[in-house]
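Please open the structure in your viewer and follow the stops below in order. Each stop names what to select and then states what is found there.

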Amino acid sequence: MVLVTAVAPGSIAEELGIVPGTDLLSVNGRELEDFLDWEFLTAEDAFLVHVRRPDGEEIEYEIERPAEEPLGVALEPPRIRRCGNRCDFCFVDGLPPGLRDTLYIRDDDYRLSFRYGNFATLTNLKPKDIRRIIEYRLSPLYVSVHASDPVVRRWLLRNPEAPDIREQLRDLARHGITFHTQVVLMPGVNDGPILEQTVTDLYAIGDPVLSLSVVPVGLTEFSRHDRVREPTREECRAAIGFLERWSRDALAARGSHWIYGADELYLRAGLPLPPAESYDEFEQVENGVGSVRWLEREIAEGAETLSQWAGLRIGVLTGTSMGRLMPQVLDSVRSISGAELELIVLENTLFGSSVTTAGLLPGRAFVDALRDRGDLDLALLPAEAVNDSDLFLDDLSLDSLSQSVPVPVRLSKTFVDAVLEPARP
Ligand code: SF4
């Protein structure tokens, strides 16, 4: 059963009389568990829907619709599948106390992996889930492998029940499922020979493993530093040397670099980022892999749009990680747009200065930085610092922030997007 939360005006659903609060019970006699059932079972042009209206009346609708026309219902979000692991490096353990409850949920959900590219470990899959992945062709999935050796992986995930990920991937691959995979690199745990084995095993699965990223573990002041540590500069360099050798071989053999280091790995190693072509289609850009090169490409493609900023004085706010890379990006935005740009780098006051990513900056840090900046025409904030409800991690809303500072603000991922969006006054 799935609850309807909204109905689009003029839609098929509204014409039928479906209203918010209606329970969708089944399609063609098959019970609905979540949005996936609804989307896949209603993909045909004609089907039978059984619903229960808010007043308790049950109705069956025979629906025929023109191809591609949406039914026009919004559904309640699915109950998030909880994680059965207890990784020492878990981001949830690194959160300070007192944040909103939803931030402390450890999710490990193959549905969100398919829909939003969230990484999942697949350790909590039940036979029914596997059947759904295959039937609905939930592909590609984003999978946290970390280590292919089952013993190491079980230890690392703190989950003695974790199945052998190599078998899981091979089984799903036989049914046409593909994967983007990642290794979160922890020195002394899954680097060196363990990394070598992991890369070898994943490559051996063949084309279904579309990509592999290597991301250095990130910790906060609240993390379990007695159990896990971040890699040193030399350890990051060793990992890069290793993955770049694999990447060259993969390019020659398969026509894709296949394995990629996160931008943060290069930053910590003190090495320049690889050129844009090293990231192929930027498949893992949302995972911080190739973000800078992707951004440079977006800026170049949006040159005409950016010229609307000529003569403006704009503050660009970011975290200390991007702060080190941003000067070269701003040089090109400056020369393309004719705007005067000021880089404003913020330390993380919520998690501690060791947390450098812009997406984890609290709203309060932006307010403090902009409180006296009436001299700016515009301030750009990292779009990834807010959730879908425009809330920062410390629960400050974007609207409240806008009203607390004397400069219009815009969220931005690519600079170009900020030109096209109206500013918050
Ligand atoms: S799998 Fe992810 S959510 Fe689960 S414990 Fe490990 S890091 Fe945390």
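**A cluster of rings**

Begin by selecting Phe40, Phe114 and Tyr136, which ring pairs link into a cluster. The model that you are viewing is predicted. The structure holds 10 aromatic pairs, and two further pairs are visited next.

Select tyrosine 203 and tryptophan 258. The ring centres of tyrosine 203 and tryptophan 258 are 5.0 Å apart and the ring planes stand at 80 degrees, so this pair is edge-to-face; planes over 60 degrees apart count as such. Distant parts of the chain are linked here: tyrosine 203 belongs to helix α7 (residues 192–205), whereas tryptophan 258 is in the loop between α8 (233–254) and β10 (259–261), 55 residues apart. Are these two residues buried or exposed? Both tyrosine 203 and tryptophan 258 are buried.

Tryptophan 246 is in helix α8 and tryptophan 258 in the loop between α8 and β10, 12 residues apart. Tryptophan 258 has a relative accessibility of 2% and therefore counts as buried, the cut-off being under 20%.

Move to serine 139 and proline 140, which are joined by a cis peptide bond with omega at about 0 degrees. Proline 140 lies in the loop between α4 (127–135) and β7 (141–144).

Next, select asparagine 28, in the loop between β2 (23–27) and β3 (30–31). Its phi is near 50 degrees, a positive value in a residue other than glycine. With a relative accessible area of 47%, asparagine 28 is partly exposed.

Then select aspartate 395, in the loop between β13 (378–382) and α14 (398–404). Although aspartate 395 is not a glycine, its phi is positive, at about 75 degrees. Its relative accessibility is 39%, so aspartate 395 counts as partly exposed.

**The whole chain**

Finally, display the complete chain. How many helices and strands does the chain contain? There are 15 helices and 14 strands. The radius of gyration is 24 Å, close to the 22 Å that the globule rule gives for 425 residues, so the chain is as compact as a globular protein of that length. Along its principal axes, the C-alpha trace spans about 60 × 55 × 45 Å. Of the 425 residues, 51% count as buried.

Terms used: Residues are numbered from 1 along each chain as its sequence is written. This is a predicted model: local features need pLDDT of at least 70, side-chain atom pairs count only at pLDDT 80 or more; totals for chains, interfaces and linings use all residues. Side-chain values use heavy atoms; hydrogens and water are left out. Helices (H or I, at least four residues) and strands (E, at least two) are DSSP runs, numbered from the N terminus. The radius of gyration is taken over C-alpha atoms; the globule rule is 2.2 Å times the number of residues to the power 0.38. Buried means under 20% relative accessible area, exposed over 50%, partly exposed in between (1.4 Å probe, protein chains only). Rings of Phe, Tyr and Trp (its six-membered ring) pair if their centres lie within 6.5 Å; planes under 30 degrees apart count as stacked, over 60 as edge-to-face and the rest as tilted.
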